[in-house]
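Could you walk me through this structure, one selection at a time? I have it open in my viewer and would like to know where to click and what is there.

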Amino acid sequence: MDTKPLLYTGIIIPIIFWLSTIVCGFIHGNYNHISNTISELGAIGTKSESLMETFTLLCTVLSVFFMAGLFIACSQLQLNILPVFGVIGFPVMFGWAAIFHSGNHLHSASGPVFLLLYIGALLSVILWRGDSFTQIRRLSLLSLGIMLLIFIRFIPSATIENNYTGLIQRFAHLGWSVWFISMAACFIKLLNSKQQHQLK
């Protein structure tokens, strides 16, 4: 089975996600990407609720294919699969948000699951050793650093809380986007290199 089509979903998912925020933000009508959260785009009763739900479900389904590709790629490249388990946090979080929209009391219950992505990125830095995997380790570290910027929200500041909540949340989403694209691109490159070597 060709693993690369599965890995390409790791590039497609961030594109769909960021495109959905732009399109749904426009449809929402009264939305500020700097101060408003992503969840508000799918909030109960908003004009963008149904479309955001569709985009979110699409990302959820594609992430399952991406995880499958990562597991297979790790096996083919003889890499530790533990970091890939961190990606499980994505379909759980997005799937939950697609079912329980903002405004539902259960919406925020899946929040802690997002930490799995942090753990996954960290484990990839620690466990994916060897010169061939230097690039993916560096990019995983970069993505982890970007995701950690979400903790700016815990700085006790009314200015940050009232004006920059959306921007800070987007750092976390930018972080997993970088990690997904990095893993997809690097693994595809490594698998191509392996195939070329085998043909010689």
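Welcome! Keep in mind that this is a predicted model. Let's begin with a single side chain.

**Stop 1: Phe65.** Select Phe65 and show its contacts. Leaving out residues up to four places away in sequence, Phe65 touches Leu6 and Thr9.

**Stop 2: helix α2.** Phe65 belongs to helix α2, so colour residues 49–76, the 28 residues that make up this helix. At 1.5 Å a residue, α2 should span 40 Å, and its end C-alpha atoms are 41 Å apart, which agrees.

While α2 is coloured, pick Leu58, another residue of this helix. Leu58 has a relative accessible area of 39%, so it is partly exposed. Draw a distance from Leu58 to Ile13: the two are 45 residues apart in sequence, with 8.4 Å between their C-alpha atoms.

**Stop 3: helix α1 beside α2.** Next, colour residues 4–28, which form helix α1. How do α1 and α2 pack? Their axes are 8 Å apart, and the packing angle is about 165°. That angle is over 145°, the cut-off for this description, and it makes α1 roughly antiparallel to α2. The crossing of α1 past α2 is left-handed. Sorted by class, the residues in this contact are 21 nonpolar and 5 polar, with no charged ones.

For a closer look, select Ser20, which sits in α1. With a relative accessibility of 1%, Ser20 counts as buried. Which residues does Ser20 touch, once those up to four places away in sequence are set aside? They are Gly25, Met52 and Phe55.

Stop 4: Go back to α2 and move on to Gln78, which follows the helix. Gln78 is in the loop between α2 and α3 (82–85). What is its backbone doing there? Gln78 has a positive phi of about 60°, although it is not a glycine. At 75% relative accessibility, Gln78 counts as exposed.

**Stop 5: helices α5 and α6.** For the last stop, colour residues 115–127 as α5 and residues 134–148 as α6. Their axes come within 8 Å of each other and cross at roughly 150°. The two helices are therefore roughly antiparallel, and α5 passes α6 in a left-handed crossing.

To see where they meet, show side chains on both helices. On the α5 side, pick Leu117, Tyr118, Ala121, Leu122, Ser124 and Val125; these meet Arg137, Ser140, Leu141, Ser143, Leu144, Met147 and Leu148 of α6. By class, this contact holds 9 nonpolar, 3 polar and 1 charged residues.

Stay with α6 for a moment. Its buried residues include Ile136, Arg137, Ser140 and Ser143, and also Leu144, Ile146 and Met147.

Notes: Residues are numbered from 1 along each chain as its sequence is written. This is a predicted model: local features need pLDDT of at least 70, side-chain atom pairs count only at pLDDT 80 or more; totals for chains, interfaces and linings use all residues. Side-chain values use heavy atoms; hydrogens and water are left out. Helices (H or I, at least four residues) and strands (E, at least two) are DSSP runs, numbered from the N terminus. The expected span of a helix is 1.5 Å times one less than its number of residues. Axes are lines fitted to C-alpha atoms, for helices over the stretch in contact, and angles run from 0 to 180 degrees between N-to-C directions. Angles under 35 degrees count as roughly parallel, over 145 as roughly antiparallel, 65 to 115 as roughly perpendicular and the rest as oblique. A crossing is left-handed if the near helix is turned anticlockwise from the far one by less than a right angle, and right-handed if clockwise. Ala, Val, Leu, Ile, Met, Phe, Trp, Tyr, Cys and Pro count as nonpolar, Asp, Glu, Lys and Arg as charged, and the others, Gly among them, as polar. Contact means heavy atoms within 4.5 Å. Buried means under 20% relative accessible area, exposed over 50%, partly exposed in between (1.4 Å probe, protein chains only).
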